[in-house]
Amino acid sequence: MDFWQRVIAAKTDSAARSSFLVAGLLAFLFFVFFSTIGIWGNVTGITDAKFATMKVLSREITGQIAYGIVIAAFFSAVLSSADTFINNISLFMARIFHPQMWQFAMTNPNSPDENRILWRSRGYAIVAMLLSLLLAVLVPDLVDLLVAAFSLLLIFLPLIIAVLFERWRSEVASFYSALVGLVTFIGLFFGWNQKLAFVPAVVLSLITYAVLFHWDTRRQA
């Protein structure tokens with residue numbers, strides 16, 4: 001999710017491409033690093049997967065200052081991701097629920113609408129934070145949350161296909177397939193199985209996209 005910041009901040013296409021590749025390589029490097037720590041911990045007798053990384057670090061890093069710096073880096077990474085997610089949610093919600101105000105504010109800087117959309121996005125950010133806290137209370141297992149977060153992205157597979165293949169694009173199908181998949185996922189996540197909720201949600205999302213794409217194509221023809 002942090003990649004978009006690097007791409008938008010780039011001055012040229014080549015800089016955007018380079019920053020994207022470098023960020024991807026670094027992310028892969030640290031993914032391998034932490035996966036290796038987890039394997040190391042399991043091999044050396046740490047069987048609790050949830051705390052394997054922290055236990056390995058506390059065991060191997062003897063200096064209190066060095067250990068404190070590592071823990072601070074962990075918290076910094078979490079806070080960096082959290083602020084990016086909240087920022088994205090607040091901007092998307094402001095743009096979705098107030099499209100005309102958003103468009104006018106973007107084309108007319110320093111207008112009253114610019115201040116209004118700013119305060120609305122701040123309000124949505126507060127709502128997102130409160131919902132995040134509620135989710136943390138309802139689902140205290142971090143592993144379940146991580147599985148749900150990654151599997152949730154599969155619901156938007158039809159939208160990705162539509163972006164890659166222009167002849168399969170449909171705004172109507174994209175919107176309602178994502179909506180149906182998301183609502184289904186949320187209902188099954190809290191009412192059925194937190195690790196498997198994405199399966200029927202993805203299937204319904206694909207079916208919805210296929211049906212509405214066919215209907216939208218025939219309507220436009």
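Reader: What makes up the lining of the second largest pocket, by class?

Author: By class, this lining has 9 nonpolar, no polar and no charged residues. The model is predicted.

Reader: How do you know that the residues count as nonpolar?

Author: Look at the names. The pocket is lined by Phe-30, Phe-33, Phe-34, Ile-37, Leu-57, Val-70, Ala-73, Phe-74 and Ala-77. Phe, Ile, Leu, Val and Ala count as nonpolar, so the 9 residues fall in that class.

Reader: Which elements give two or more residues to the lining?

Author: Helices α2 (13-43) and α4 do. The pocket holds about 150 Å³ of space.

Reader: Why is the pair of Phe-97 and Tyr-124 called tilted?

Author: The search of the whole structure finds 5 aromatic pairs. In this one, the rings lie 5.9 Å apart, centre to centre, with 40° between the planes.

Reader: How do you know whether Tyr-124 is buried or exposed?

Author: Its relative accessible area is 18%. Buried means under 20%, so Tyr-124 is buried.

Reader: Why is the pair of Phe-189 and Phe-190 called edge-to-face?

Author: The planes stand 90° apart, and the centres are 5.1 Å apart. Edge-to-face needs over 60 degrees, so 90° qualifies. Phe-185, Phe-189 and Phe-190 form one aromatic cluster.

Reader: What makes Phe-189 buried and Phe-190 partly exposed?

Author: Phe-189 has a relative accessible area of 5%, under the 20% cut-off, so it is buried. Phe-190 has 45%, between 20% and 50%, so Phe-190 counts as partly exposed.

Reader: How do you know that the charged end of Arg-122 sits over the ring of Trp-119?

Author: The charged end of Arg-122 is 4.8 Å from the ring centre. The distance limit is 6 Å, and the angle to the ring normal must also be within 35 degrees. Arg-122 is listed as sitting over the ring, so both conditions hold. The charged end of Arg-59 likewise sits over the ring of Trp-40, 5.9 Å from its centre.

How values were computed:
Residues numbered from 1 in each chain as written. Predicted model: local features only at pLDDT ≥ 70, side-chain atom pairs only at ≥ 80, totals over all residues. Heavy atoms only, no water. Phe/Tyr/Trp six-rings, centres within 6.5 Å; stacked < 30°, edge-to-face > 60°. Buried < 20%, exposed > 50% of the residue type's maximum accessible area, 1.4 Å probe, protein only. 1 Å grid on protein atoms, 1.4 Å probe; cavity = no way out; pocket = protein on both sides within 12 Å on 5 of 7 lines; lining within 4 Å. Points joined across faces, edges and corners; volume = space filled by probe spheres on them. Helix = DSSP H or I, 4+ residues; strand = E, 2+ residues; numbered from the N terminus.
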